[in-house]
Amino acid sequence: MEKMSRVTTALGGSALTGRTMHCHLDAPANAISVCRDAAQVVVAGRSIFKIYAIEEEQFVEKLNLRVGRKPSLNLSCADVVWHQMDENLLATAATNGVVVTWNLGRPSRNKQDQLFTEHKRTVNKVCFHPTEAHVLLSGSQDGFMKCFDLRRKDSVSTFSGQSESVRDVQFSIRDYFTFASTFENGNVQLWDIRRPDRCERMFTAHNGPVFCCDWHPEDRGWLATGGRDKMVKVWDMTTPRAKEMHCVQTIASVARVKWRPECRHHLATCSMMVDHNIYVWDVRRPFVPAAMFEEHRDVTTGIAWRHPHDPCFLLSGSKDSTLCQHLFRDASQPVERANPEGLCYGLFGDVAFAAKDSLVAAESGRKPYAGDRRHPIFFKRKLDPAEPFSGLASSALSVFETEPGGGSMSWFVDTAERYALAGRPLAELCDHNAKVARELGRNQVAQTWTMLRIIYCSPGLVSSASLNHSVGKGSSCGLPLINSFNLKDMTPGLGSETRLDRSKGDTRSDTVLLDSSATLITNEDNEETEGSDVPADYLLGDVEGEEDELYPLDPEHVHPEEPEYVLPQEAFPLRHEILDTPSGPEHLQDKADSPHVSGSEADAASLAPVDSFSLLSISHALYDSRLPSDFFSVLVCDMLRFYAEQGDVQMAVSVLIVLGERVRKDIDEQTQEHWYTSYIDLLQRFCLWNVSNEVVKLSTSRAVSCLNQASTTLHVNCSHCKRPMSSRGWVCDRCHRCASMCAVCHHVVKGLFVWCQGCSHGGHLQHIMKWLEGSSHCPAGCGHLCEYS
Amino acid sequence: MAEGENEVRWDGLCSRDSTTRETAMENIRQIILRKTEYLRSVKETPYRPSEDGPLNAVSLDGLNKLLARLLMLSKRCPFKDVREKSEFILKSVQELGIRIPRPLGHGPSRFIPEKEILQVGSEDAQMHALFADSFAALGRLDNITLVMVFHPQYLESFLKTQHYLLQMDGPLPLHYRHYIGIMAAARHQCSYLVNLHVNDFLHVGGDPKWLNGLENAPQKLQNLGELNKVLAHRPWLITKEHIEGLLKAEEHSWSLAELVHAVVLLTHYHSLASFTFGCGISPEIHCDGGHTFRPPSVSNYCICDITNGNHNVDEMQVNSAGNISVSDSFFEVEALMEKMRQLQECKDEEEASQEEMASRFEIEKRESMCAFSSDDEEVTPARDVSRHFEDTSYGYKDFSRHGMHVPTFRVQDYCWEDHGYSLVNRLYPDVGQLIDEKFHIAYNLTYNTMAMHKDVDTSMLRRAIWNYIHCMFGIRYDDYDYGEINQLLDRSFKVYIKTVVCTPEKVTKRMYDSFWRQFKHSEKVHVNLLLIEARMQAELLYALRAITRYMT
């Protein structure tokens, strides 16, 4: 309502009314233009040239200017413009290079007034002077712009753009003598109408053709340009150098751009290809259009605001042969469909969450636990009341930090860096990794590595020393003891994970699980989330199921024959060592939901009857040969999945790589790929590029290994003139010098270049290292005492 | 004899590092000498069981292939060390009593005397860089490159585009790309391109079975056959139904990006086939028909020469004819320049009426559809290219353009700069830019010379050629007076253009020689560049318009 009243004043009492409507034309339109009175619109195309009256409910064809027996190419219009001073005066640009003016005041049926046939190629654009009645400007494919005085038979002056073709010409609204022209080669030129010899100013605005430009109706010197490179740019021409003030990236090449009246920062665009919609942008918010009109079914070729002081009515013509009037209030607003919430988590377990103010307020009221979040920090954007979307834009950002030290991920970094994944025998890899894990205090993981080695490696490599680190020592009491330890360890993890999960959905649980100092936080809400299911199940399966079964059993109850069967299966030559060293209870847990328990576990932790039965039946069959390691693969796979679900993809991927073929076939490609990508993503977030590359290299998944095959080109700039080196080898085009030379061997350095920051001489890493062994002076002979760190 | 150790690796030779090349070369030398020794030992033991015969033949065949490749390297490698070493190896093999091959034909082109063409080894630094790039990318320096190097500026853009299309990021797998190249070249029975790409196709791991014919390729590629056919011969018939048929074929469907990649490849190879025939490119030295093991006394002939009616005798005649008419042709150039001057001057004097203009276009279009009398006898494609690729039966009669009505395509409504570019760049990023550059360079290329004249503005002539080709495809520029074409292009030139663009396989040396007799070969190659780029753009416009229509 406010707007309407303002419009009314601007229009001098006669408010525009109407509705969103369209009418069918007989042929595709190329351009439209509105009469000064805002009640008529002219539509021009290859085979259409008509004037329509814009009425309340519909368009009414008023006049067909395409008269005559034979269709003439002079009528095949590329552009049309209605004079803003004189209601009877129109001009069209024809595809054959003719500029035609039309006088509606002529009494005869044929309103054609004058014909200028000076251009040799298609005329792309015509433009009347905004205040002068007789001045017409045209821009053509032949690279010339011509200024016509309608009182004379031919052009007054010709401007040469020194370029292939002119795409648009526009008189400045504020400066009487100035006009802008845009070119196919990406340039924009500013001309003074009195000086046809050379342009006042020229700059490159776009990469590729600039299809259109428009002067701001109020702000002097603001020029909007749109180009094939899908950008709309707003330039400030008042400064000595044209300054790019705003840039809007659209999704298709920009065919037309028009400032919205009365809205300083709004402009409407339509595209040349592919995209049929008309967008109205606020140039200060270049990512989401302020409004969008989706009526057309083919590309929009012409747009015009109906009245120079009314921001609500937009007219458009299209290749789909329709003429439309769009009302701003009927526009769809993409911002309404945009996701108003954002969530991101940091490397160290911090979570940031942004949402609309109202939403946050409502939610925190509903959920009492919001107060328990550890360190919620709220940011609020200061709102500029002048800006649009003010209702939508107000949002709150909350950041939840984990306690210092608690969420430290240093173990992850250390592990990633120190794990050995390939290049050594499996047993050594397992041992090494177990050692790494142990040193970082991750006993469960260490134990798993040890188990893996036992499962997959030949017996000769097993030594009692490497097994001697397990947490529980006693053979039968180990299990309950460890279980209780685990319970304690797990509970905070479980609690915090659930909490986090509720707040954001996909927190990485590993950060929390290993969060040793995490305080125990109970679940205020009883809603169970998916993330918490897994550890819960796991604990149940382990403690309640397994333990209940195992606990009543005494070692004596074990079938006396069992060790004899079991040991050969595992092919452990030294029986008593195995008896001495109970398997890691963590390992047992890992496999708790599997019926297969390894022989050594059976020994140490008094097997359940079911287990021993299954073992026995198999061991009979395989008495002489070793139990194939396939036997365990199901188990190992479950273990990997368990780690992955816990969030420790690092473990899953590392084991996957180390074991290679042994387990790969049992896990489906997609899961593997998923693990790999998450691990690589994590590594890269920690800037562990080398490790991540190694993982990519070692992965067998096709989708992953091709990750580092994409865009492997390295672009090099010349070290002297900063120009990009083109394909001409290592010599710069411009300064004809070789790229960085090695000061020692005087060859071009194509790989690692190391240089002294003092004298900026340097060369091949090897060469410099060698040189510095013998001398500390610069190899270039500059006398500098080079220092390298 | 273990095959593994005799596997020859050529890729080391492509390196820019001379030591790498040297080791690679040495490796090749050893393998060849070993093979030679083996063959000799087989020969010298007189009584061999007969079953050794085929084995022997196989290994001889293998050796011959290697020798042919070496011969190619000795002539065509941009690196001097490789050239010399290859020659040395060949010599030493010859000394061991093995017959070595020698190149057939007369340089890279049958139309252009070898001495006119730049010799490998005498190029300047810029060209050398181009050659080295090309060699590094493909492991060869093909005859097309050697002919195009008349225009290094264009060549660079051409090679960059081709390299991008075949080897860089793109939606299609590598062997598909080469296979599509083969399909396109086979449409014009261009055995030269087919041979090249059959090798590349196998090299990137393509299934040799596919080469037995399109019906052995995956259904997806078979579906492309129709588009290939229409695009090559009557692009104006492409409709959005063609596109829809390709995109909606359930498990065999193409994605839009793949389709655009395929379309660009098809049009690229159609027009490259035009260039191959238009400039009479000879078979590569290491391919079939590029070399012979026969001693030079046997009369040398090339299979392509025969099929195109280019015997040596023929060449002689033309040569003598050329000599006689030097003065005639001198006047030709003068007359052409005079006409250009006139057109320039009287441009503004009298304006033809609209109907006149329209009818001029129609006349040119119709005329270009007419078959040209003498050369139109049906050539039965007897080459083994036709074996590869489906229905030659469909091809030529049905597709003769005689009497066809071609609808008019208004370039102002759909042009490359505004529409085509945007679409290609959207679906196959960067390629739009590359092709756009290539079009620009080809269209704007000029040295401001005409035959013996300097400082001539040739833009009018170039525009006439470009627009004439588009006119043959029914593409009309509203702002062009098609009367100019008649003034500037004489009959023999038109015949040549028409043949090169529409039925390149019928180009003969006589046609090549009989137009623009006084012009330099480099200028004739320039004309060919215009022809192929205009043709490519025309085909692309039709295909892309159909895709756009499908999308809206």
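Tutor: Rings of Phe, Tyr and Trp (its six-membered ring) pair if their centres lie within 6.5 Å; planes under 30 degrees apart count as stacked, over 60 as edge-to-face and the rest as tilted. The model is predicted, so local features need pLDDT of at least 70, side-chain atom pairs count only at pLDDT 80 or more, and totals for chains, interfaces and linings use all residues. Residues are numbered from 1 along each chain, chains are lettered from A, and side-chain values use heavy atoms.

Student: Which residues do ring pairs link into a cluster?

Tutor: The cluster consists of Phe111(B), Phe493(B), Tyr496(B), Tyr512(B), Phe515(B), Trp516(B) and Phe519(B). Over all chains, the count is 37 aromatic pairs.

Student: Why is the pair of Phe79(B) and Phe135(B) called edge-to-face?

Tutor: The ring centres are 5.9 Å apart, and the planes stand at 85 degrees, so the pair is edge-to-face. Phe79(B) and Phe135(B) are 56 residues apart along chain B.

Student: What makes Phe409(B) and Tyr542(B) an edge-to-face pair?

Tutor: Their centres lie 4.9 Å apart, with 70 degrees between the planes.

Student: Why does Phe409(B) count as buried?

Tutor: Buried means under 20% relative accessible area (exposed is over 50%, partly exposed in between; 1.4 Å probe, protein chains only). Phe409(B) has 1% relative accessibility, so Phe409(B) counts as buried. Tyr542(B), at 2%, is therefore buried too.

Student: How do you know that the charged end of Lys524(B) sits over the ring of Phe515(B)?

Tutor: A charge sits over a ring if NZ of Lys or CZ of Arg is within 6 Å of the ring centre and within 35 degrees of the ring normal. The charged end of Lys524(B) sits over the ring of Phe515(B), 4.6 Å from its centre.

Key: Helices (H or I, at least four residues) and strands (E, at least two) are DSSP runs, numbered from the N terminus.
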